[in-house]
Amino acid sequence: MSKPNILIIMVDQLNGTFFPDGPADWLHTPHLRKLAARSTRFVHTYTASPLCAPGRASFMSGLLPSRTGVYDNAAEFSSTIPTYAHHLRRAGYQTCLSGKMHFVGPDQMHGFEERLTTDIYPADFGWTPDYRKPGERIDWWYHNMGSVTGAGVAEITNQMEYDDEVAYHARAKLFDLARGHDARPWCLTVSFTHPHDPYVARKKYWDLYEDCAHLKPEVGPIPYDDQDAHSRRILDANDRDNFTITDDHIQRARRAYFANISYLDDKVGEVLQTLEDTRQEATILFVSDHGDMLGERGMWFKMSFLEGSSRVPLMIASPDMTPGPVETPVSTIDVTPTLCDLAGIDMSEVAPWTTGESLVHLGQGGRRDTPVAMEYAAEGSFAPLVCLRDGKWKYTRCALDPDQLFDLDADPHELTNLADDPAHQGTRARLRAESEARWDLGAFDAAVRQSQACRWVVYEALRNGAYYPWDYQPLQKASERYMRNHMDLNILEESQRFPRGE
């Protein structure tokens, strides 16, 4: 079996409800729309965990956070866990990352042979939550509502600078791959940080949404006392009491978010155009790590199993899969087994410990009845939460909270909790039994607490005295670039040209 080149395009905090079947028709996204038209589109895709580092570790490994140990944004991703980059590289692929993956710990590669940029977030344990201090806010790294009140226009930000660099290096790598110096198939992961807050956009994209009909949330603010227990914890963690959020703030934040989707669309277009210009064929996968509530119910950012936070877009353009929508709920932990399936790689050695499933057969008209599982054990939680999406049902359990049960067909905004409804006790009992069979919440909680306590000791120790950062430091071998005296100019000019002889 020939091994296809693979291009993975990952974005950050992109709400999957805006991709009901590809981009919503009111979004200005011509490049993503073109990609969607030739992709298998997984309409109901869920993150493994609605936070950056745990969601990404699960995406790369096919394991839930309770198996990776990446519970939050400061938990180490163990070097012993195989990722899709390991599987592909072992099978003979070049593996390269341009952009964010939020690896925490001294291993900043996790199977990638090459990284083209540093990460945008720190690699150490400094963002560790602490279940021993429920409700404590760590103001210098926790989200707060300043991202909403500060929404607006700018021509350069920290995040724009990063994503401009990610796209530049990704395009340069595609040009280099086209030169053919390495005959191996390749897997290039291009991972952007937009449309993650802060909600600040360039004016050319901001202007696209001046008359947008979607600047107000579909569900307005729900009073704090009427929110579920976990939503109240998130609101507290986001420091809601110290900000007054107006309708203008909400509309400006949503407008900037939509504008940044269009900014991303241009970046995706640049990468795909380079792929086309260099005449390279590749299977293309587009995905986000988690979503953004974006003011629905008065909530922002992620950290919740509610649809805006947990649902993400997933599209795969492959000759082995038929373009069109797939309604079956799936997970980002299914990405690694899917990539291995498309590349003809046998995962049987680690199959007993891998919870994701290949999606290839769903893109060929097949069926799957396995529920989608999610976990959350990071900031805004005082104990782990677990969730199952089974058909139209979504069931959430936490040792501290009442159960939640939603019928997403009848109640897509999750406004009516049916957990105590006498008519649905059979469904609740079935899903609770399945949840209890999957998760021992007491053991899960103990593991999280142990991890947090140990990391606080290590972090404080390592910041005392000389500090050696784990952040990835991209190096360029300047003596191997352009023209140097150990190179034959005649060979160099021909070998670095693409296409040759035209």
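This is a predicted model: local features need pLDDT of at least 70, side-chain atom pairs count only at pLDDT 80 or more; totals for chains, interfaces and linings use all residues.

Visitor: How many bridges join strand 4 to strand 7?

Guide: Six bridges link strand 4 with strand 7 (residues 186–195), and the two run parallel. Cys-187 of strand 7 is the bridge partner of Thr-95.

Visitor: Why is strand 4 largely enclosed by the rest of the structure?

Guide: Buried means under 20% relative accessible area. Strand 4 (residues 94–99) has six of its six residues buried, so it is largely enclosed by the rest of the structure.

Visitor: Now the cavities. What shows where empty space is left?

Guide: Rolling a probe the size of a water molecule over the atoms shows this. Here the count is two cavities of 30 Å³ or more. The largest cavity has a volume of about 110 Å³.

Visitor: Which elements each supply at least two residues of the lining of the largest cavity?

Guide: They are helix 8 (229–237), strand 16 (393–398) and strand 17 (401–407). Lining residues include Asp-228, His-230, Lys-394, Phe-406 and Glu-414. By class, this lining has four nonpolar, five polar and three charged residues.

Visitor: What lines the second largest cavity?

Guide: Among its lining residues are Phe-19, Arg-41, Phe-42, Leu-314 and Met-315. Strand 2 (40–42) and strand 11 (314–317) are the elements that give two or more residues to that lining. The lining has seven nonpolar, one polar and two charged residues, and the cavity holds about 50 Å³ of space.

Note on methods. Residues are numbered from 1 along each chain as its sequence is written. Side-chain values use heavy atoms; hydrogens and water are left out. On a 1 Å grid over the protein atoms alone, a cavity is a set of points where a 1.4 Å probe fits but cannot get out, and a pocket is an open set with protein on both sides within 12 Å along at least five of seven lines; lining residues have an atom within 4 Å of a point. Grid points are joined across faces, edges and corners, and a volume is the space filled by probe spheres set on the points. Helices (H or I, at least four residues) and strands (E, at least two) are DSSP runs, numbered from the N terminus. Ala, Val, Leu, Ile, Met, Phe, Trp, Tyr, Cys and Pro count as nonpolar, Asp, Glu, Lys and Arg as charged, and the others, Gly among them, as polar. Buried means under 20% relative accessible area, exposed over 50%, partly exposed in between (1.4 Å probe, protein chains only). Two strands pair if DSSP finds at least two bridges between them.
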